[in-house]
Amino acid sequence: MDEKIYRGIGASPGIVIGRAYLLDRRKVVVAGQRIGEVNVKDEVACFKKAVEVSKAQLEELKKRLSKDLGKSHIYILETLIMLLEDKMLIDSTVKRIKESLLNAEGALKGTITVIAQKFDAIEDEYLRGRKHDVEQIGERIMRNLVGHKQESLAEIGNEAVVIAHDLAPTDTLVMRKDKILAFATDAGSRTSHTAILARSLGIPAAVGLNKITEAVKTGDVVIVDGIHGVVVVSPEEETFLDFLKKQRRYKYFEQELDKLRELPAETLDGHVVHLQGNIELPDEVMSVVEHGGTGIGLYRTEFLFLDRPKLPTEEEHYNAYRQVAEKAAPQEVVIRTFDVGGDKIGLMDNFEKEANPALGLRAIRFSLYKKDIFKTQLRGILRATVHGNIKLLYPMISGIPELHEAKKVLDEVKQELRNEGIAFDEQVKVGIMIEIPSAAMISDLLAVEVDFFSVGTNDLIQYTLAIDRQNEHVAYLYEPLDPAVLRLLKQVSAAAHHARIPLAMCGEMAGDPLYAAILLGLGFDHLSMNVASIPWVKKVVRSVRMYDAVELAQLIMQQPTAALARKTAETFVQERFPDIAAEL
Ligand code: PEP
Ligand code: MG
(Lines give C-alpha, C1' and ligand atoms only; values in the text may rest on other atoms or scores of the structure.)
(Ligands and ions follow the chains in the order given, each with its own letter.)
Protein backbone atom coordinates (compact mmCIF):
# COMPACT_ATOMS: atom_id res chain seq x y z
CA MET A 1 0.00 0.00 0.00
CA ASP A 2 1.17 3.52 -0.75
CA GLU A 3 2.41 5.77 1.98
CA LYS A 4 0.00 8.60 2.87
CA ILE A 5 0.77 11.63 4.99
CA TYR A 6 -1.86 13.64 6.85
CA ARG A 7 -1.26 16.97 8.54
CA GLY A 8 -3.36 18.23 11.44
CA ILE A 9 -2.61 19.74 14.81
CA GLY A 10 -0.06 18.46 17.31
CA ALA A 11 -2.18 17.87 20.39
CA SER A 12 0.05 15.90 22.73
CA PRO A 13 3.79 15.47 22.18
CA GLY A 14 5.55 12.21 21.42
CA ILE A 15 6.27 10.01 18.43
CA VAL A 16 4.61 6.63 18.14
CA ILE A 17 4.83 3.89 15.55
CA GLY A 18 2.19 1.20 15.82
CA ARG A 19 -0.80 -0.62 14.43
CA ALA A 20 -4.05 1.27 13.93
CA TYR A 21 -7.34 0.49 15.62
CA LEU A 22 -10.16 2.22 13.80
CA LEU A 23 -12.89 3.15 16.24
CA ASP A 24 -16.06 2.94 14.22
CA ARG A 25 -18.68 5.08 15.87
CA ARG A 26 -21.10 5.14 12.94
CA LYS A 27 -24.48 3.89 13.89
CA VAL A 28 -25.48 0.52 12.51
CA VAL A 29 -27.74 0.99 9.52
CA VAL A 30 -30.80 -1.10 10.19
CA ALA A 31 -32.66 -2.96 7.54
CA GLY A 32 -36.16 -3.47 8.95
CA GLN A 33 -37.90 -6.22 7.00
CA ARG A 34 -41.19 -8.03 7.06
CA ILE A 35 -40.90 -11.73 7.77
CA GLY A 36 -43.16 -14.72 7.29
CA GLU A 37 -44.85 -16.55 10.19
CA VAL A 38 -42.37 -19.41 9.72
CA ASN A 39 -39.41 -17.15 10.49
CA VAL A 40 -40.76 -15.77 13.75
CA LYS A 41 -39.17 -18.42 15.93
CA ASP A 42 -35.73 -17.89 14.40
CA GLU A 43 -35.92 -14.11 14.67
CA VAL A 44 -36.92 -14.30 18.34
CA ALA A 45 -34.06 -16.72 18.99
CA CYS A 46 -31.59 -14.40 17.19
CA PHE A 47 -32.79 -11.46 19.24
CA LYS A 48 -32.51 -13.33 22.54
CA LYS A 49 -29.05 -14.52 21.60
CA ALA A 50 -27.96 -10.94 20.84
CA VAL A 51 -29.28 -9.85 24.26
CA GLU A 52 -27.37 -12.67 25.97
CA VAL A 53 -24.15 -11.81 24.11
CA SER A 54 -24.59 -8.16 25.04
CA LYS A 55 -25.03 -9.10 28.68
CA ALA A 56 -21.96 -11.32 28.63
CA GLN A 57 -19.90 -8.53 27.04
CA LEU A 58 -20.95 -6.03 29.68
CA GLU A 59 -20.38 -8.47 32.55
CA GLU A 60 -16.90 -9.17 31.20
CA LEU A 61 -16.22 -5.46 30.86
CA LYS A 62 -17.41 -4.87 34.40
CA LYS A 63 -15.13 -7.58 35.72
CA ARG A 64 -12.17 -6.19 33.85
CA LEU A 65 -12.80 -2.58 34.79
CA SER A 66 -13.60 -3.11 38.45
CA LYS A 67 -9.92 -3.91 38.86
CA ASP A 68 -8.84 -0.62 37.28
CA LEU A 69 -11.62 1.78 38.26
CA GLY A 70 -13.38 2.66 41.46
CA LYS A 71 -16.95 1.64 42.15
CA SER A 72 -18.28 5.02 41.08
CA HIS A 73 -17.75 4.26 37.41
CA ILE A 74 -18.92 0.69 37.51
CA TYR A 75 -22.54 1.35 38.16
CA ILE A 76 -23.04 2.90 34.77
CA LEU A 77 -22.34 -0.60 33.47
CA GLU A 78 -24.69 -2.07 36.04
CA THR A 79 -27.45 0.24 34.84
CA LEU A 80 -26.92 -0.99 31.29
CA ILE A 81 -26.94 -4.64 32.37
CA MET A 82 -30.20 -4.05 34.21
CA LEU A 83 -31.72 -2.59 31.07
CA LEU A 84 -31.01 -5.86 29.29
CA GLU A 85 -33.51 -7.46 31.62
CA ASP A 86 -36.07 -4.72 31.22
CA LYS A 87 -39.51 -5.91 30.11
CA MET A 88 -40.28 -2.71 28.27
CA LEU A 89 -37.26 -3.32 26.07
CA ILE A 90 -37.00 -7.10 25.73
CA ASP A 91 -40.60 -8.35 25.91
CA SER A 92 -41.91 -5.56 23.70
CA THR A 93 -39.37 -6.38 21.00
CA VAL A 94 -40.31 -10.07 21.06
CA LYS A 95 -43.98 -9.07 20.91
CA ARG A 96 -43.29 -6.79 17.97
CA ILE A 97 -41.50 -9.58 16.07
CA LYS A 98 -44.45 -11.89 16.63
CA GLU A 99 -47.30 -9.47 16.09
CA SER A 100 -45.95 -7.13 13.45
CA LEU A 101 -44.00 -9.86 11.65
CA LEU A 102 -40.83 -7.78 11.66
CA ASN A 103 -37.25 -9.03 11.68
CA ALA A 104 -35.36 -8.60 14.97
CA GLU A 105 -33.50 -5.45 13.82
CA GLY A 106 -36.67 -3.72 12.69
CA ALA A 107 -38.56 -4.73 15.83
CA LEU A 108 -35.77 -3.55 18.14
CA LYS A 109 -35.53 -0.25 16.32
CA GLY A 110 -39.29 0.24 16.75
CA THR A 111 -39.12 -0.52 20.46
CA ILE A 112 -36.23 1.88 21.05
CA THR A 113 -38.07 4.66 19.21
CA VAL A 114 -41.18 4.15 21.34
CA ILE A 115 -39.19 4.08 24.59
CA ALA A 116 -37.25 7.18 23.56
CA GLN A 117 -40.53 9.02 22.93
CA LYS A 118 -41.77 8.00 26.37
CA PHE A 119 -38.60 9.35 27.95
CA ASP A 120 -38.98 12.62 26.05
CA ALA A 121 -42.39 13.11 27.63
CA ILE A 122 -41.11 12.67 31.21
CA GLU A 123 -41.15 15.87 33.28
CA ASP A 124 -38.18 15.04 35.43
CA GLU A 125 -35.20 16.25 33.46
CA TYR A 126 -32.85 13.81 35.10
CA LEU A 127 -34.94 10.75 34.17
CA ARG A 128 -35.46 12.21 30.74
CA GLY A 129 -31.72 12.17 30.26
CA ARG A 130 -31.60 8.40 30.77
CA LYS A 131 -32.94 8.00 27.26
CA HIS A 132 -29.31 7.94 26.26
CA ASP A 133 -28.74 4.68 28.21
CA VAL A 134 -31.58 2.96 26.39
CA GLU A 135 -30.24 4.10 23.05
CA GLN A 136 -26.77 2.96 23.95
CA ILE A 137 -27.93 -0.50 24.94
CA GLY A 138 -30.13 -0.69 21.84
CA GLU A 139 -27.08 0.08 19.70
CA ARG A 140 -25.11 -2.68 21.42
CA ILE A 141 -27.80 -5.30 20.85
CA MET A 142 -28.15 -4.11 17.28
CA ARG A 143 -24.43 -4.48 16.63
CA ASN A 144 -24.53 -8.00 18.02
CA LEU A 145 -27.57 -8.77 15.89
CA VAL A 146 -25.92 -7.73 12.67
CA GLY A 147 -22.52 -9.08 13.65
CA HIS A 148 -20.77 -5.68 13.97
CA LYS A 149 -17.96 -5.37 16.42
CA GLN A 150 -18.60 -3.44 19.63
CA GLU A 151 -16.75 -0.18 19.55
CA SER A 152 -15.50 0.92 22.88
CA LEU A 153 -12.01 1.90 23.92
CA ALA A 154 -12.41 -0.42 26.88
CA GLU A 155 -12.52 -3.39 24.56
CA ILE A 156 -9.25 -2.85 22.75
CA GLY A 157 -7.23 -6.00 23.20
CA ASN A 158 -3.74 -5.27 21.92
CA GLU A 159 -1.64 -2.14 22.05
CA ALA A 160 -2.92 0.18 19.35
CA VAL A 161 -3.00 3.65 17.87
CA VAL A 162 -6.63 4.73 18.09
CA ILE A 163 -8.00 6.37 14.97
CA ALA A 164 -11.41 7.96 15.51
CA HIS A 165 -13.61 10.73 14.27
CA ASP A 166 -13.55 12.19 17.77
CA LEU A 167 -13.41 10.91 21.33
CA ALA A 168 -15.88 11.69 24.06
CA PRO A 169 -14.71 12.70 27.53
CA THR A 170 -16.41 9.58 28.82
CA ASP A 171 -14.11 7.41 26.71
CA THR A 172 -11.38 8.14 29.20
CA LEU A 173 -13.32 6.60 32.02
CA VAL A 174 -13.24 3.18 30.41
CA MET A 175 -10.03 3.53 28.50
CA ARG A 176 -7.23 1.08 29.11
CA LYS A 177 -4.35 3.47 29.22
CA ASP A 178 -1.76 0.75 28.86
CA LYS A 179 -3.25 -0.34 25.55
CA ILE A 180 -3.49 3.01 23.83
CA LEU A 181 -0.26 4.15 22.25
CA ALA A 182 -1.57 7.30 20.58
CA PHE A 183 -4.70 9.01 19.23
CA ALA A 184 -5.37 10.49 15.84
CA THR A 185 -8.74 12.11 15.19
CA ASP A 186 -10.57 13.81 12.34
CA ALA A 187 -12.01 16.49 14.61
CA GLY A 188 -10.53 18.69 17.29
CA SER A 189 -8.12 21.52 17.87
CA ARG A 190 -5.28 22.09 20.35
CA THR A 191 -7.69 23.16 23.04
CA SER A 192 -10.53 20.77 22.31
CA HIS A 193 -11.32 18.37 25.03
CA THR A 194 -9.74 15.35 23.35
CA ALA A 195 -6.45 17.20 23.00
CA ILE A 196 -6.40 18.36 26.61
CA LEU A 197 -7.21 14.87 27.70
CA ALA A 198 -4.47 13.26 25.64
CA ARG A 199 -1.94 15.62 27.19
CA SER A 200 -3.18 15.01 30.69
CA LEU A 201 -2.88 11.26 30.14
CA GLY A 202 0.52 11.66 28.51
CA ILE A 203 -0.67 9.93 25.35
CA PRO A 204 0.79 11.35 22.11
CA ALA A 205 -1.97 12.66 19.83
CA ALA A 206 -2.66 14.46 16.59
CA VAL A 207 -6.10 15.98 16.03
CA GLY A 208 -7.91 18.00 13.36
CA LEU A 209 -6.76 15.56 10.66
CA ASN A 210 -10.04 15.94 8.84
CA LYS A 211 -10.44 12.59 7.08
CA ILE A 212 -7.96 10.27 8.71
CA THR A 213 -10.72 7.76 9.51
CA GLU A 214 -11.33 7.30 5.81
CA ALA A 215 -7.68 6.53 5.10
CA VAL A 216 -6.95 3.95 7.77
CA LYS A 217 -8.03 0.40 8.40
CA THR A 218 -7.56 -1.52 11.62
CA GLY A 219 -4.16 -3.20 11.47
CA ASP A 220 -2.46 -0.61 9.21
CA VAL A 221 0.96 0.57 10.33
CA VAL A 222 0.77 4.23 11.32
CA ILE A 223 3.15 6.82 12.68
CA VAL A 224 1.75 9.58 14.89
CA ASP A 225 3.91 12.62 15.46
CA GLY A 226 2.05 14.44 18.23
CA ILE A 227 4.54 17.32 18.23
CA HIS A 228 3.81 18.45 14.68
CA GLY A 229 0.40 16.87 14.22
CA VAL A 230 1.53 14.56 11.43
CA VAL A 231 0.20 11.06 10.77
CA VAL A 232 1.82 8.74 8.25
CA VAL A 233 -0.23 5.77 7.08
CA SER A 234 1.65 2.72 5.70
CA PRO A 235 5.08 4.44 5.80
CA GLU A 236 7.79 3.55 3.31
CA GLU A 237 11.02 2.25 4.73
CA GLU A 238 12.84 5.56 4.49
CA THR A 239 10.09 7.46 6.32
CA PHE A 240 9.87 4.69 8.88
CA LEU A 241 13.60 4.89 9.67
CA ASP A 242 13.48 8.66 9.75
CA PHE A 243 10.72 8.66 12.37
CA LEU A 244 12.47 5.94 14.35
CA LYS A 245 15.44 8.29 14.63
CA LYS A 246 13.21 11.20 15.64
CA GLN A 247 11.51 8.99 18.22
CA ARG A 248 14.84 8.04 19.79
CA ARG A 249 16.00 11.63 19.93
CA TYR A 250 12.72 12.73 21.52
CA LYS A 251 12.91 10.04 24.17
CA TYR A 252 16.47 10.99 24.99
CA PHE A 253 15.42 14.63 25.38
CA GLU A 254 12.55 13.67 27.67
CA GLN A 255 14.98 11.73 29.86
CA GLU A 256 17.18 14.80 30.07
CA LEU A 257 14.21 16.90 31.15
CA ASP A 258 13.38 14.34 33.78
CA LYS A 259 16.57 15.30 35.58
CA LEU A 260 14.98 18.67 36.41
CA ARG A 261 12.21 17.04 38.39
CA GLU A 262 13.53 17.77 41.85
CA LEU A 263 14.91 21.22 41.00
CA PRO A 264 12.92 24.41 41.67
CA ALA A 265 11.35 26.45 38.86
CA GLU A 266 13.58 29.43 39.46
CA THR A 267 15.01 31.90 36.97
CA LEU A 268 18.77 32.52 36.76
CA ASP A 269 18.27 35.65 38.86
CA GLY A 270 16.31 33.87 41.59
CA HIS A 271 12.70 34.59 40.68
CA VAL A 272 10.49 31.61 41.67
CA VAL A 273 7.55 30.59 39.51
CA HIS A 274 4.93 28.05 40.56
CA LEU A 275 4.59 25.36 37.92
CA GLN A 276 1.50 23.33 38.62
CA GLY A 277 -0.58 20.60 37.03
CA ASN A 278 -4.09 20.59 35.57
CA ILE A 279 -6.02 17.47 36.50
CA GLU A 280 -9.41 15.97 35.81
CA LEU A 281 -9.37 12.87 37.98
CA PRO A 282 -8.06 12.41 41.54
CA ASP A 283 -5.65 9.70 40.32
CA GLU A 284 -3.67 12.25 38.37
CA VAL A 285 -2.22 14.04 41.40
CA MET A 286 0.74 11.67 41.68
CA SER A 287 1.62 12.23 38.07
CA VAL A 288 1.87 15.98 38.72
CA VAL A 289 4.22 15.34 41.62
CA GLU A 290 6.27 12.90 39.52
CA HIS A 291 6.67 15.52 36.81
CA GLY A 292 8.00 18.03 39.32
CA GLY A 293 4.85 20.15 39.68
CA THR A 294 4.14 22.07 42.87
CA GLY A 295 0.44 21.61 43.40
CA ILE A 296 -2.69 21.48 41.30
CA GLY A 297 -3.46 24.79 39.64
CA LEU A 298 -6.70 23.54 38.07
CA TYR A 299 -8.84 20.61 39.08
CA ARG A 300 -11.62 20.38 36.48
CA THR A 301 -14.42 18.83 38.49
CA GLU A 302 -16.91 18.24 35.69
CA PHE A 303 -15.59 14.72 35.34
CA LEU A 304 -17.46 13.91 38.52
CA PHE A 305 -20.65 14.62 36.64
CA LEU A 306 -20.01 12.73 33.46
CA ASP A 307 -21.75 9.61 32.29
CA ARG A 308 -23.47 8.54 35.42
CA PRO A 309 -27.06 7.78 36.21
CA LYS A 310 -27.25 10.16 39.19
CA LEU A 311 -25.78 13.50 40.15
CA PRO A 312 -22.82 13.21 42.51
CA THR A 313 -23.78 13.37 46.16
CA GLU A 314 -22.16 15.71 48.66
CA GLU A 315 -20.27 12.69 50.01
CA GLU A 316 -18.87 11.86 46.57
CA HIS A 317 -17.75 15.45 46.08
CA TYR A 318 -16.18 15.53 49.52
CA ASN A 319 -14.36 12.21 49.04
CA ALA A 320 -12.90 13.20 45.68
CA TYR A 321 -11.69 16.59 46.92
CA ARG A 322 -10.38 15.19 50.17
CA GLN A 323 -8.40 12.58 48.26
CA VAL A 324 -6.85 15.20 45.98
CA ALA A 325 -6.11 17.58 48.85
CA GLU A 326 -4.46 14.87 50.95
CA LYS A 327 -2.36 13.56 48.09
CA ALA A 328 -1.20 17.04 47.08
CA ALA A 329 -0.61 18.40 50.63
CA PRO A 330 1.21 20.53 51.62
CA GLN A 331 0.93 21.90 48.09
CA GLU A 332 -2.21 23.72 47.07
CA VAL A 333 -5.15 22.41 45.06
CA VAL A 334 -7.30 24.86 43.13
CA ILE A 335 -10.73 23.28 42.75
CA ARG A 336 -12.82 24.76 39.98
CA THR A 337 -16.56 24.46 40.41
CA PHE A 338 -18.08 22.60 37.53
CA ASP A 339 -17.93 23.93 34.02
CA VAL A 340 -20.55 21.89 32.25
CA GLY A 341 -21.61 22.80 28.78
CA GLY A 342 -19.75 23.90 25.69
CA ASP A 343 -17.44 21.13 24.67
CA LYS A 344 -18.17 18.97 27.66
CA ILE A 345 -21.12 16.68 27.67
CA GLY A 346 -22.88 15.81 30.85
CA LEU A 347 -25.78 17.46 32.54
CA MET A 348 -26.58 19.54 29.53
CA ASP A 349 -27.71 16.36 27.80
CA ASN A 350 -30.83 16.66 29.87
CA PHE A 351 -31.69 20.03 28.47
CA GLU A 352 -32.81 21.18 25.11
CA LYS A 353 -29.89 21.46 22.70
CA GLU A 354 -28.49 24.97 22.65
CA ALA A 355 -27.71 26.65 19.34
CA ASN A 356 -24.46 28.08 20.73
CA PRO A 357 -23.43 25.99 23.72
CA ALA A 358 -20.12 27.84 24.15
CA LEU A 359 -22.13 31.01 24.66
CA GLY A 360 -24.90 29.33 26.55
CA LEU A 361 -25.81 28.08 29.95
CA ARG A 362 -22.49 26.75 31.18
CA ALA A 363 -20.04 27.06 34.07
CA ILE A 364 -20.98 29.63 36.73
CA ARG A 365 -24.15 30.50 34.78
CA PHE A 366 -25.33 26.94 35.12
CA SER A 367 -24.32 26.81 38.79
CA LEU A 368 -26.34 29.93 39.55
CA TYR A 369 -29.27 28.56 37.57
CA LYS A 370 -29.20 25.24 39.45
CA LYS A 371 -28.21 26.43 42.89
CA ASP A 372 -29.00 23.14 44.59
CA ILE A 373 -26.39 21.33 42.47
CA PHE A 374 -23.93 24.17 43.07
CA LYS A 375 -24.52 24.15 46.82
CA THR A 376 -23.95 20.41 47.05
CA GLN A 377 -20.59 20.86 45.34
CA LEU A 378 -19.64 23.84 47.52
CA ARG A 379 -20.47 21.87 50.67
CA GLY A 380 -18.24 19.03 49.46
CA ILE A 381 -15.38 21.43 48.72
CA LEU A 382 -15.68 23.35 51.99
CA ARG A 383 -15.76 20.17 54.05
CA ALA A 384 -12.62 18.96 52.27
CA THR A 385 -10.73 22.19 53.10
CA VAL A 386 -9.74 20.79 56.50
CA HIS A 387 -7.72 18.04 54.79
CA GLY A 388 -5.24 20.12 52.84
CA ASN A 389 -4.58 23.39 51.10
CA ILE A 390 -7.69 23.96 48.99
CA LYS A 391 -8.63 27.07 47.02
CA LEU A 392 -11.90 27.65 45.26
CA LEU A 393 -12.17 28.85 41.67
CA TYR A 394 -15.24 30.00 39.72
CA PRO A 395 -15.26 29.50 35.95
CA MET A 396 -16.58 31.94 33.32
CA ILE A 397 -17.23 34.94 35.54
CA SER A 398 -18.32 37.71 33.18
CA GLY A 399 -18.92 40.57 35.56
CA ILE A 400 -19.44 41.83 39.10
CA PRO A 401 -23.12 40.82 39.61
CA GLU A 402 -22.34 37.19 38.82
CA LEU A 403 -19.43 37.20 41.25
CA HIS A 404 -21.61 38.75 43.96
CA GLU A 405 -24.26 36.12 43.43
CA ALA A 406 -21.71 33.30 43.65
CA LYS A 407 -20.31 34.85 46.84
CA LYS A 408 -23.79 35.02 48.30
CA VAL A 409 -24.35 31.31 47.67
CA LEU A 410 -20.98 30.50 49.22
CA ASP A 411 -21.83 32.57 52.30
CA GLU A 412 -25.12 30.72 52.65
CA VAL A 413 -23.39 27.35 52.42
CA LYS A 414 -20.78 28.42 54.98
CA GLN A 415 -23.53 29.50 57.35
CA GLU A 416 -25.34 26.19 56.91
CA LEU A 417 -22.15 24.30 57.79
CA ARG A 418 -21.56 26.50 60.85
CA ASN A 419 -25.12 25.87 62.00
CA GLU A 420 -24.57 22.14 61.60
CA GLY A 421 -21.27 22.32 63.47
CA ILE A 422 -19.29 21.04 60.47
CA ALA A 423 -15.68 22.21 60.28
CA PHE A 424 -14.20 23.98 57.27
CA ASP A 425 -11.45 26.48 56.55
CA GLU A 426 -13.03 29.86 57.28
CA GLN A 427 -10.20 31.56 55.40
CA VAL A 428 -10.56 29.53 52.20
CA LYS A 429 -9.27 31.61 49.28
CA VAL A 430 -11.64 32.28 46.41
CA GLY A 431 -10.49 33.13 42.90
CA ILE A 432 -12.05 33.56 39.49
CA MET A 433 -11.13 32.44 36.03
CA ILE A 434 -10.53 35.27 33.62
CA GLU A 435 -11.66 33.69 30.39
CA ILE A 436 -14.27 36.07 29.03
CA PRO A 437 -13.08 39.33 27.46
CA SER A 438 -15.54 41.35 29.57
CA ALA A 439 -13.87 40.03 32.74
CA ALA A 440 -10.42 40.88 31.40
CA MET A 441 -11.54 44.40 30.60
CA ILE A 442 -12.88 45.04 34.09
CA SER A 443 -10.15 43.04 35.81
CA ASP A 444 -9.30 46.06 37.97
CA LEU A 445 -12.83 46.02 39.40
CA LEU A 446 -12.77 42.26 39.89
CA ALA A 447 -9.27 42.11 41.39
CA VAL A 448 -10.29 43.93 44.56
CA GLU A 449 -13.11 41.42 45.12
CA VAL A 450 -11.18 38.14 44.93
CA ASP A 451 -8.09 36.41 46.32
CA PHE A 452 -6.52 35.44 42.97
CA PHE A 453 -6.99 35.33 39.22
CA SER A 454 -6.48 32.35 36.96
CA VAL A 455 -6.51 33.15 33.27
CA GLY A 456 -8.17 30.54 31.05
CA THR A 457 -6.68 31.25 27.68
CA ASN A 458 -8.51 28.40 25.94
CA ASP A 459 -11.75 30.28 26.29
CA LEU A 460 -10.32 33.78 26.42
CA ILE A 461 -8.79 33.33 22.96
CA GLN A 462 -11.93 31.65 21.63
CA TYR A 463 -14.14 34.55 22.74
CA THR A 464 -11.71 37.35 21.90
CA LEU A 465 -11.01 36.17 18.37
CA ALA A 466 -14.47 34.62 17.77
CA ILE A 467 -13.01 31.20 16.99
CA ASP A 468 -14.81 28.05 18.03
CA ARG A 469 -12.09 26.10 19.85
CA GLN A 470 -13.73 22.83 18.77
CA ASN A 471 -13.80 23.55 15.08
CA GLU A 472 -10.83 22.19 13.14
CA HIS A 473 -11.61 24.44 10.15
CA VAL A 474 -10.88 27.63 12.04
CA ALA A 475 -8.12 26.21 14.23
CA TYR A 476 -5.48 28.03 12.14
CA LEU A 477 -6.89 31.34 13.41
CA TYR A 478 -6.49 30.36 17.04
CA GLU A 479 -3.47 32.42 18.03
CA PRO A 480 -2.34 33.05 21.61
CA LEU A 481 0.08 35.73 20.43
CA ASP A 482 -2.60 37.80 18.73
CA PRO A 483 -2.07 41.44 19.79
CA ALA A 484 -5.67 41.62 21.08
CA VAL A 485 -5.11 38.62 23.34
CA LEU A 486 -1.75 39.93 24.55
CA ARG A 487 -3.24 43.31 25.43
CA LEU A 488 -5.92 41.61 27.50
CA LEU A 489 -3.29 39.51 29.28
CA LYS A 490 -1.28 42.63 30.05
CA GLN A 491 -4.34 44.43 31.36
CA VAL A 492 -5.23 41.50 33.64
CA SER A 493 -1.65 41.31 34.90
CA ALA A 494 -1.60 45.03 35.72
CA ALA A 495 -4.89 44.73 37.62
CA ALA A 496 -3.71 41.70 39.61
CA HIS A 497 -0.43 43.33 40.55
CA HIS A 498 -2.07 46.58 41.49
CA ALA A 499 -4.43 44.70 43.82
CA ARG A 500 -1.50 42.52 44.99
CA ILE A 501 -3.22 39.23 44.25
CA PRO A 502 -1.52 36.18 42.71
CA LEU A 503 -1.85 35.84 38.95
CA ALA A 504 -2.10 32.37 37.45
CA MET A 505 -2.67 31.02 33.99
CA CYS A 506 -4.26 27.60 33.56
CA GLY A 507 -5.14 27.58 29.86
CA GLU A 508 -3.07 25.52 27.42
CA MET A 509 -0.95 28.57 26.60
CA ALA A 510 0.69 28.15 30.03
CA GLY A 511 2.15 24.78 29.04
CA ASP A 512 3.83 25.76 25.79
CA PRO A 513 7.58 26.36 26.24
CA LEU A 514 7.46 28.86 23.39
CA TYR A 515 5.39 31.22 25.54
CA ALA A 516 6.98 30.54 28.94
CA ALA A 517 9.45 33.44 28.95
CA ILE A 518 6.82 35.85 27.60
CA LEU A 519 4.39 34.89 30.36
CA LEU A 520 7.07 35.41 33.00
CA GLY A 521 7.78 38.80 31.48
CA LEU A 522 4.08 39.64 31.56
CA GLY A 523 4.04 38.96 35.30
CA PHE A 524 2.41 35.53 35.65
CA ASP A 525 3.62 33.88 38.86
CA HIS A 526 1.66 30.60 38.61
CA LEU A 527 1.53 28.54 35.43
CA SER A 528 -0.69 25.48 35.52
CA MET A 529 -0.54 22.99 32.68
CA ASN A 530 -0.88 19.41 31.52
CA VAL A 531 1.65 17.36 33.44
CA ALA A 532 3.81 16.42 30.47
CA SER A 533 4.64 20.09 29.83
CA ILE A 534 5.95 20.85 33.31
CA PRO A 535 9.57 19.74 32.66
CA TRP A 536 9.70 21.64 29.34
CA VAL A 537 8.49 24.88 30.87
CA LYS A 538 10.77 24.36 33.86
CA LYS A 539 13.75 24.10 31.54
CA VAL A 540 12.92 27.50 30.03
CA VAL A 541 12.28 29.11 33.43
CA ARG A 542 15.59 27.84 34.81
CA SER A 543 17.51 29.18 31.83
CA VAL A 544 16.29 32.80 31.65
CA ARG A 545 16.76 35.92 33.67
CA MET A 546 13.67 37.84 34.66
CA TYR A 547 15.17 40.92 33.08
CA ASP A 548 15.36 39.16 29.68
CA ALA A 549 11.83 37.82 30.03
CA VAL A 550 10.45 41.32 30.65
CA GLU A 551 12.39 42.66 27.67
CA LEU A 552 11.06 39.85 25.47
CA ALA A 553 7.48 40.49 26.61
CA GLN A 554 7.87 44.18 25.77
CA LEU A 555 9.20 43.34 22.33
CA ILE A 556 6.37 40.90 21.69
CA MET A 557 3.79 43.47 22.79
CA GLN A 558 5.05 45.86 20.13
CA GLN A 559 4.37 43.47 17.25
CA PRO A 560 1.36 44.43 15.13
CA THR A 561 0.48 40.88 14.08
CA ALA A 562 0.46 37.44 15.64
CA ALA A 563 2.79 36.20 12.89
CA LEU A 564 5.44 38.78 13.75
CA ALA A 565 5.03 38.12 17.47
CA ARG A 566 5.45 34.41 16.85
CA LYS A 567 8.58 34.99 14.78
CA THR A 568 10.05 37.08 17.60
CA ALA A 569 9.22 34.37 20.14
CA GLU A 570 10.66 31.62 17.95
CA THR A 571 13.89 33.53 17.37
CA PHE A 572 14.25 33.99 21.12
CA VAL A 573 13.74 30.28 21.82
CA GLN A 574 16.03 29.25 18.95
CA GLU A 575 18.83 31.48 20.21
CA ARG A 576 18.44 30.62 23.88
CA PHE A 577 17.23 27.03 23.82
CA PRO A 578 18.24 25.43 20.54
CA ASP A 579 17.63 21.96 21.99
CA ILE A 580 14.02 22.79 22.91
CA ALA A 581 13.47 24.58 19.60
CA ALA A 582 14.50 21.41 17.76
CA GLU A 583 11.71 19.48 19.47
CA LEU A 584 8.95 22.06 19.01
C1 PEP B 1 -9.60 27.66 29.72
O2 PEP B 1 -10.64 28.04 29.20
O3 PEP B 1 -8.47 28.10 29.40
C4 PEP B 1 -9.62 26.62 30.76
C5 PEP B 1 -8.53 26.31 31.45
O6 PEP B 1 -10.81 25.98 30.98
P7 PEP B 1 -11.40 24.79 30.07
O8 PEP B 1 -10.34 24.40 29.08
O9 PEP B 1 -11.77 23.72 31.01
O10 PEP B 1 -12.57 25.48 29.43
MG1 MG C 1 -12.53 27.54 30.10
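Asp258 is partly exposed in the predicted model, its relative accessible area being 38%. The side chain of Asp258 takes part in a salt bridge with that of Arg261, with an N to O distance of 3.2 Å. Arg261 is likewise assigned to the partly exposed class, because its relative accessibility is 33% and this class lies between the limits of 20% and 50%. This pair is one of 27 salt bridges counted in the model.

A salt bridge also joins Arg379 to Glu314, where the closest N and O atoms are 2.6 Å apart. Arg379 belongs to helix H14 (residues 371-384) and Glu314 to helix H12 (residues 314-328), so the contact ties together parts separated by 65 residues in sequence. The relative accessibility of Arg379 is 11%; Arg379 is therefore classed as buried, the limit for this class being under 20%. Both Arg379 and Glu314 belong to a network of linked salt bridges.

Glu332 is located in strand E11 (residues 332-336) and Lys391 in strand E12 (residues 389-394). The two residues are 59 residues apart, and the pair thus links distant parts of the chain. Glu332 and Lys391 are both buried.

Terms used: Residues are numbered from 1 along each chain as its sequence is written. Chains are lettered from A and ligands numbered from 1 in the order in which they are written. This is a predicted model: local features need pLDDT of at least 70, side-chain atom pairs count only at pLDDT 80 or more; totals for chains, interfaces and linings use all residues. Side-chain values use heavy atoms; hydrogens and water are left out. A salt bridge is a side-chain nitrogen of Lys or Arg within 4 Å of a carboxyl oxygen of Asp or Glu. Buried means under 20% relative accessible area, exposed over 50%, partly exposed in between (1.4 Å probe, protein chains only). Helices (H or I, at least four residues) and strands (E, at least two) are DSSP runs, numbered from the N terminus.
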